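Q: I have a structure to go through with you. Could we talk about its overall build, and then some individual residues?

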Amino acid sequence: RHFRHGGLRISSGIHEMATTVLPRQAWRLYPTSSPAVFFIEPKVKLQQLFGPQELPQTFALRKMEARYMRPKDFNYQLPDDQVPEAAFFGRSNVGKSSLINAVVGSDLMVTSQTPGRTRTLNFAQLTAQGGKQTGSRSWRLVDLPGYGYARVARKESARWQEVTRQYFRDRSGQGLTRAFFLLDVRRPLDESDARQLRMLDKLHIQYQIVLTKWDKMSAHQDSQLLRQLGVLLGTKRSNMHHPAVVATSSTTGFGLEELRMFISAALTDPLGQGLGSDFS
């Protein structure tokens, strides 16, 4: 089922996540001082989306020692070392592995044109070497299995989804600072996307939406997804989502520096908020 808002056809599953009475003027996402970051309010500077101490402390993800780690490296158990984690998940072939590789500047994750290659948890362990006083510090980026791949047995697809759900259950409030929910900018939201968002809300996972494959959009092409997100984020009851949406391209590098800022803020903020006082 679908409903219409401002001439926009939206899945009923997404509508159920918003308030039942939508404002008369359609919600939209506004560009900020950065062309790669969108917000639910107009005329916002990128610096306003971070706490006063966060931007100066943003660490260079590309300059860290990065190491690929598989589940067997942890004896097929989730690591219990209290290292802060940021998780990346989304539809199969949305570009999770490619984006992580682009963010850290290293081909750690296996990428493929064939959807469904990521079938378990994969970790990018980042280590910054400090001085004698501070020592070294570590963080992790987690590549989660995708959803929505039709060319796989239903039982296998359900197993991938259970891996993701179990990870979020185990990590909720226990080391996961933020989930970055990736969406292909060319593809409108559908019921499977709405299911994932409801799962995050139910499990109380702080998350932020990241748009991928921005380079595939022509300068004059309208993104139905952006308009849908404007309605969703502008009217959503839950406060688990970050109000800023980041547009990225792993191919051209568009938006990667902005995304690194949000990842850095999430990993270094114990509350995983990364928001200035104006928007908290």
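A: What follows is a walk from the overall build to the sheet, its helices and a few residues.

A: The model is predicted, so local features need pLDDT of at least 70 and side-chain atom pairs count only at pLDDT 80 or more, while totals for chains, interfaces and linings use all residues. Residues are numbered from 1 along each chain as its sequence is written, and side-chain values use heavy atoms, with hydrogens and water left out.

Q: How many helices and strands does the protein have?
A: The protein has six helices and eleven strands, where helices (H or I, at least four residues) and strands (E, at least two) are DSSP runs numbered from the N terminus.

Q: And what share of the residues counts as buried?
A: Of the 280 residues, 52% count as buried, with buried meaning under 20% relative accessible area, exposed over 50% and partly exposed in between (1.4 Å probe, protein chains only). As for contacts (heavy atoms within 4.5 Å), among those between residues at least 6 apart in sequence, 73% join residues at least 24 apart.

Q: What is the strand order in the open sheet?
A: The nine strands of this open sheet follow the order 3-4-11-10-9-6-8-7-5, and the pairing is mixed; two strands pair if DSSP finds at least two bridges between them. Strand 3 (30-31) and strand 5 (65-69) stand at the edges with a single partner strand each, so one side of each has no neighbour in the sheet.

Q: Parallel or antiparallel for strand 6 and strand 8?
A: Strand 6 and strand 8 (residues 137-143) run parallel and are joined by four bridges; Ala-87, for instance, has Val-142 in strand 8 as its bridge partner.

Q: What packs on the sheet there?
A: Helix 2 does, touching strand 6, strand 7 (122-128), strand 8, strand 9 (176-184) and strand 10, and its direction makes about 155 degrees with that of strand 8. Helix 5 also packs on the sheet, touching strand 4 (37-39), strand 9, strand 10 and strand 11 (245-247), at about 170 degrees to the direction of strand 10. For these angles, axes are lines fitted to C-alpha atoms, for helices over the stretch in contact, and the angles run from 0 to 180 degrees between N-to-C directions.

Q: Is helix 5 mostly covered or mostly open, and which of its residues are buried?
A: Helix 5 is mostly covered, since ten of its twelve residues are buried, including Leu-225, Leu-226, Gln-228 and Leu-229. From its first C-alpha to its last, helix 5 reaches 17 Å, close to the 16 Å expected at 1.5 Å a residue, the expected span being 1.5 Å times one less than the number of residues.

Q: Back to strand 7: what does it pair with?
A: Strand 7 runs antiparallel to strand 5, joined to it by five bridges, and Glu-65 stands opposite Thr-127 in strand 7. Strand 7 also pairs with strand 8 in the antiparallel sense, over seven bridges, and there Asn-122 has Asp-143 as its bridge partner. Six of the seven residues of strand 7 are buried.

Q: Switching to the core, which residues touch the most other members?
A: In the largest nonpolar core, which has 70 residues, those are Leu-141, Phe-168, Leu-211 and Leu-229; such a core is a set of buried Ala, Val, Leu, Ile, Met, Phe, Trp, Tyr and Cys residues joined through side-chain atoms within 4.5 Å. Leaving aside neighbours within four places in sequence, Leu-141 is in contact with residues including Phe-88, Ile-100, Phe-123 and Leu-267.

Q: Where is Arg-91, and is it buried or exposed?
A: Arg-91 lies in the loop between strand 6 (85-90) and helix 2 (96-104), and it is buried, with a relative accessible area of 10%.

Q: What polar contacts does its side chain make?
A: The side chain of Arg-91 makes one of 2.9 Å with the side chain of Asp-190 and one of 3.3 Å with the side chain of Asp-193. A polar contact here is a pair of N or O atoms within 3.5 Å; within protein, one must be able to donate a hydrogen and the other to accept it, and residues adjacent in sequence count only if both atoms are side-chain atoms.

Q: What about the backbone of Asn-93?
A: Asn-93 has a positive phi of about 70 degrees although it is not a glycine, and at 34% relative accessibility it counts as partly exposed.
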